[in-house]
Amino acid sequence: MKERASIVVEEYLQVIYSLLSEGKPIKAVNLANRLETSPSTVHATLSRMQRDALINIGKKKEIELTEEGFKKAENLAARHRLVETFLCDTLGIPWHEVHTHAHVMEHGLTPLIEEKLAEFLNFPETCPHGTPIPGSNKTLPENMIQLDAVKNGDQIEIVVIDESLEDSVELMRFLEEKKILPGKQHQVLETLAVTKTIILESEAGQVTIPFDIANKIGVIPVEE
Ligand SMILES: [Zn+2]
Ligand SMILES: [Zn+2]
């Protein structure tokens, strides 16, 4: 059996992969911020990952995943989203906190458990927050826009809550309480440029969402 990357390396791969999908520059300093660790620790791990051919470090200190590194990172993302689905749908752990638990559990899965878990869950296409699971052929809809781009009076359906919001359990709890969940429909009451907020009418009542959170929520228009 091929040796698995250590948990620390797995966490680095996950952070690099999410910075990549957010289109953010990948530098040691961004990693140190995300991982809440010191730059010297980050440098030590990065040299190890470079030695193991998981990453390349460019002239401007930009970090790139190698083909092998990308494959590993994508597999970790798939495993994370699969475990979240299991925790939410099968074990009934609340939607807003499955991310935290999955983060601990995902590192202990062997490839066989992962395969059996996917089968047991009938090959889910997204995590409970709407992010597509790599390998499922699912992609986000082409007509998807971010919630901060909607107009007054629009009827919209939530598609995805960006993974970058998942770390904030309190925010996720708020979104869950207000039914800002994939598949739920809402009416846009007002977008207020002056206060940079959007007011939605949901089945849970009126909810005010700031633009900087709304731009991390993907929605599609609903034809009436
Ligand atoms: Zn997650
Ligand atoms: Zn998720």
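This is a predicted model: local features need pLDDT of at least 70, side-chain atom pairs count only at pLDDT 80 or more; totals for chains, interfaces and linings use all residues.
**Domain contacts, sheet and helix packing**

8 residues of domain 2 are in contact with 11 residues of domain 3 (contact: C-beta atoms, placed from the backbone, within 7 Å). Residues are numbered from 1 along each chain as its sequence is written, while chains are lettered from A and ligands numbered from 1 in written order.

**Domains**
- The chain divides into domain 1 (7-65), domain 2 (77-138) and domain 3 (145-221), with bounds from an automatic or database assignment.
- The centres of domain 2 and domain 3, over C-alpha atoms, are 24 Å apart.

**Sheet**
- 6 strands form an open antiparallel sheet in the order E3-E8-E4-E5-E6-E7 (strands: DSSP E runs of at least two residues, numbered from the N terminus; pairing: at least two DSSP bridges).
- E3 (145-146) and E7 (205-210) each have a single partner strand, so one side of each lacks a neighbour in the sheet.
- E6 (residues 197-202) runs antiparallel to E7, joined by 6 bridges.
- Ile198 has Ile209 in E7 as its bridge partner.

**Helix pair**
- Arg79, Leu82 and Phe86 in H4 meet Glu114, Leu117 and Ala118 in H6 (helices: DSSP H or I runs of at least four residues).
- By class, this H4–H6 contact has 4 nonpolar, no polar and 2 charged residues (nonpolar: Ala, Val, Leu, Ile, Met, Phe, Trp, Tyr, Cys and Pro; charged: Asp, Glu, Lys and Arg; polar: the others, Gly among them).

Notes. Two residues are in contact if their C-beta atoms, placed from the backbone, lie within 7 Å.
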